[in-house]
Number of protein chains: 2
Amino acid sequence: MSHDRLECAAQIRERGFRVTPQRMLILDAICEGKEHTTFDEIYDRVQAKAPGINQATLYRTLDFLCELHLVVSAEIDGRAVYEIAGETPHHHLVCHACGAIQELPDFHFHELRSHLLREHGFKADISHLALTGLCPQCAESER
Amino acid sequence: MSHDRLECAAQIRERGFRVTPQRMLILDAICEGKEHTTFDEIYDRVQAKAPGINQATLYRTLDFLCELHLVVSAEIDGRAVYEIAGETPHHHLVCHACGAIQELPDFHFHELRSHLLREHGFKADISHLALTGLCPQCAESER
DNA sequence: ATTACTGCAAAGGATTTGCATGTGA
DNA sequence: TCACATGCAAATCCTTTGCAGTAAT
């Protein structure tokens, strides 16, 4: 299920909600960022196209899109980042020394996920995780 | 290395910092909670014994203790939780439906950790993770 | 005697909320 | 039409900061 803007619109309507220009603009702004996008980036992009849009609307819309699972969010040092859902799921390695971010494919979590389900009955929602640590460069210079 | 209050005090002194009654009270308050403890719980416990202690001090002290790795923190739905470090490292499974929290031993992450190091050169700091999902009961009632 | 630490109060920043207005279905 | 969405402004919540006074070593 790859979610482009049209599919998202369909999904929204299907579930009984309304497709508004604001919502589409916000979806577009998230799509524009190839990777995860911060609140401020989204806000700026939307402002560029439609200077009227309010921050509160953006907060509400992002929550809304996350609840519909059209967008996924992760926390990177205290700030939320957003991404269109449905692309190949992946995660991030965040260096807490230099801030570099590396992508981590989802398959690393396949085993953990099924193990948790089998052994603990826990249906983990590991859809967009950010792990912190030291990137190769910083790990090197640290010793 | 099991960190009780005395060892913590020794560690603090050893590294050139000062052992103050506030710090000890805060360490005690964290120890009192068998599991992870929220900011507010710690604050209340400390207040009960020493009504003078300031929130700013608590914030600063918690940061301080985390930096010394005497305490570890994790984020559970947007709020930090704290725990004495050095006990057997473990993680948490948090049900986002009912809020139930289950412990998850660290060994589940051994492989992931060494894999990240080998394949990506990334030295992941997975010391106290909180994974969200659905606990057995909620997963059941959901369908 | 130093200088780290604390308390206080104020500032800061992010997110939420209430309510009137607007608009998609 | 009418419930859902939005804009606006104020409120709220969490956390940080500056500074003056206190206390651990």
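**Entry 1: DNA strand C**

I began with Thr57(B) and found one of its polar side-chain atoms 2.6 Å from a phosphate oxygen of DNA strand C. I count such a pair as a polar contact when two N or O atoms lie within 3.5 Å; within protein, one of them must be able to donate a hydrogen and the other to accept it, and residues adjacent in sequence count only if both atoms are side-chain atoms. A note to myself before going on: this is a predicted model, where local features need pLDDT of at least 70 and side-chain atom pairs count only at pLDDT 80 or more, while totals for chains, interfaces and linings use all residues. Residues are numbered from 1 along each chain as its sequence is written, chains are lettered from A and ligands numbered from 1 in the order in which they are written, and side-chain values use heavy atoms, with hydrogens and water left out.

Next I looked at Tyr59(A), which has a polar side-chain atom 2.4 Å from a phosphate oxygen of DNA strand C. For Gln22(B), I found an N or O atom of the side chain 2.9 Å from a sugar or linking oxygen of DNA strand C. The elements that give two or more residues to this surface are H4 of chain A together with helix H2 (21-32) and H4 of chain B. My helices (H or I, at least four residues) and strands (E, at least two) are DSSP runs, numbered from the N terminus. H4(A) gives the most to the surface near DNA strand C, with 4 residues.

Which residues come nearest to DNA strand C? I found 19 residues around DNA strand C, and the nearest are Arg18(A), Tyr59(A), Thr20(B), Arg23(B) and Thr57(B). Of the atoms of DNA strand C that come within 4 Å of the protein, 61% are accounted for by sugar and phosphate. "Near" here asks for a heavy atom of the residue within 4 Å of the strand.

I also sorted the residues of this surface by type and got 6 nonpolar, 6 polar and 7 charged. In this sorting, Ala, Val, Leu, Ile, Met, Phe, Trp, Tyr, Cys and Pro are nonpolar, Asp, Glu, Lys and Arg are charged, and the others, Gly among them, are polar.

**Entry 2: DNA strand D**

Then I turned to DNA strand D, which has 21 residues around it. Arg18(A), Thr20(A), Gln22(A), Thr57(A) and Tyr59(B) come nearest.

What part of DNA strand D does the side chain of Arg18(A) meet? I found a base oxygen 2.9 Å from one of its N or O atoms. Thr20(A) has a side-chain N or O atom 2.8 Å from a phosphate oxygen, and Arg23(A) has a polar side-chain atom 3.0 Å from a phosphate oxygen of DNA strand D.

Of the atoms of DNA strand D within 4 Å of the protein, I noted that 62% belong to sugar or phosphate and the rest to bases. Helices H2 (21-32) and H4 (55-67) of chain A and helix H4 (55-67) of chain B each supply at least two residues of this surface. By type, the residues split into 7 nonpolar, 7 polar and 7 charged.

**Entry 3: the two copies**

I superposed chain B on chain A with a rotation of 179 degrees and 0.0 Å of shift along its axis, at an RMSD of 0.3 Å. The same surface serves both: 96% of the contact residues of chain B recur in chain A, with contact meaning heavy atoms within 4.5 Å.

**Entry 4: strands and a loop**

Strands pair if DSSP finds at least two bridges between them. E2(A) and E3(A) are joined by 6 bridges, and Glu75(A) stands opposite Ala80(A).

In chain B, E2(B) and E3(B) form a hairpin with 2 residues between them, and Gly78(B) in the turn has a positive phi of about 85 degrees.

Last, I checked His69(A), in the loop between H4 and strand E2 (71-76) of chain A. His69(A) is not a glycine, yet has a positive phi of about 60 degrees. Most residues other than glycine have a negative phi. Is His69(A) buried or exposed? His69(A) is exposed, with a relative accessible area of 56%; buried is under 20%, exposed over 50%, and partly exposed in between (1.4 Å probe, protein chains only).

Methods:
Copies are superposed by least squares on the C-alpha atoms of residues with pLDDT of at least 70 in both.
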